[in-house]
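Here is a short briefing on one strand with its partners, and on one residue in a helix. Look at the sequence and the structure first.

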Amino acid sequence: MVTRRDLFKQAGVTAIGAAVAGGAAARTTALPDLEPSSARSLRELTMALARAPYHRDFKTVPMILTNRDQWDSAALDLVLRYQAGPRQVWDNTAIASPWLNLMRNAMNTQIWSFGHPNFLCVSATHGSAHLALYDAYIWNKYHLGRFTKGKAPTNKFVNEPAAAHANPRDYEDTKGVYSPHDNSIPVLQRRGAVFLGCHNEVWEFTMKLHKKGVNPDHLSHERMAAEFTNHLIPGVILTPGIVGTLPQLELAGFQYAK
């Protein structure tokens, strides 16, 4: 097993692969965190998640996960136990929707308008939006751009826009870090947002690839699902299934948003 911190260190390797594909991958450790200075609880969660074990060494995975070792249970538990807030979970299903923009707007409003620096924004990611959670290796090997209806030939959702390098102290900069010019997964992660992945989506999408004959290495379904799982981008927390995890988040006090 590896930790979230290890995954972020590996992002540099991912960036090389993405550059070949025509885009820059998540480089979460290249720039400082963007969590509010007064967000002590959020920072503690981020540090705890950095120490948590993540499972990215699967050989095969089954259709239904029944053992906590089959998903990122320790990291998910940390999110469920988070007591500061408010806490909001976004049910993100469409890659072509403004899902990252809506999360960014929610964070801006909670932090600066309502004065909640410890606001935790979580993406419960499945459907076509889940494509954004795979690294450049998987995008290249399986040509995932074809499944976005021409919206994303490469995984642009892990790019760091120029706005990511703007002065983080200027939260009113209309082209800065907190603006619509900076809607990207690694930037939102740097702000403390958490992205949850979905095993059921991995299983069903790889089943679709199998049926289409998109299987360059002639892998079994169980092995292909494991490969996709092992190539989730840094920081993503794998769950046994988003639609079944949403009730757990709501029971823990997260507000549902769609």
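How many bridges join strand β3 to strand β4, and do they run parallel or antiparallel? There are 6 bridges, and the two strands run parallel. Keep in mind that this is a predicted model.

- Strand β3 spans residues 87-92 and is mostly covered.
- Of its 6 residues, 6 are buried.
- Arg 87, Val 89 and Asp 91 point one way from β3.
- Gln 88, Trp 90 and Asn 92 point the other way.
- Both sets of side chains belong to buried residues.

**Pairing with β4**
- Strand β4 covers residues 120-125.

**Pairing with β7**
- Strand β3 also pairs with strand β7, residues 255-257.
- Here 3 bridges join the strands, which run parallel.
- Gln 88 has Gln 255 as its bridge partner in β7.

**Glu 227 in helix α9**
- Helix α9 runs over residues 221-230 and holds Glu 227.
- Why does Glu 227 count as buried? Its relative accessibility is 12%, and buried means under 20%.
- Which residues does Glu 227 contact, leaving aside neighbours within four places in sequence? They are Tyr 137, Ile 138, Lys 141, Tyr 142 and Leu 219.

Key: Residues numbered from 1 in each chain as written. Predicted model: local features only at pLDDT ≥ 70, side-chain atom pairs only at ≥ 80, totals over all residues. Heavy atoms only, no water. Buried < 20%, exposed > 50% of the residue type's maximum accessible area, 1.4 Å probe, protein only. Helix = DSSP H or I, 4+ residues; strand = E, 2+ residues; numbered from the N terminus. Pairing = 2+ DSSP bridges. Contact = heavy atoms within 4.5 Å.
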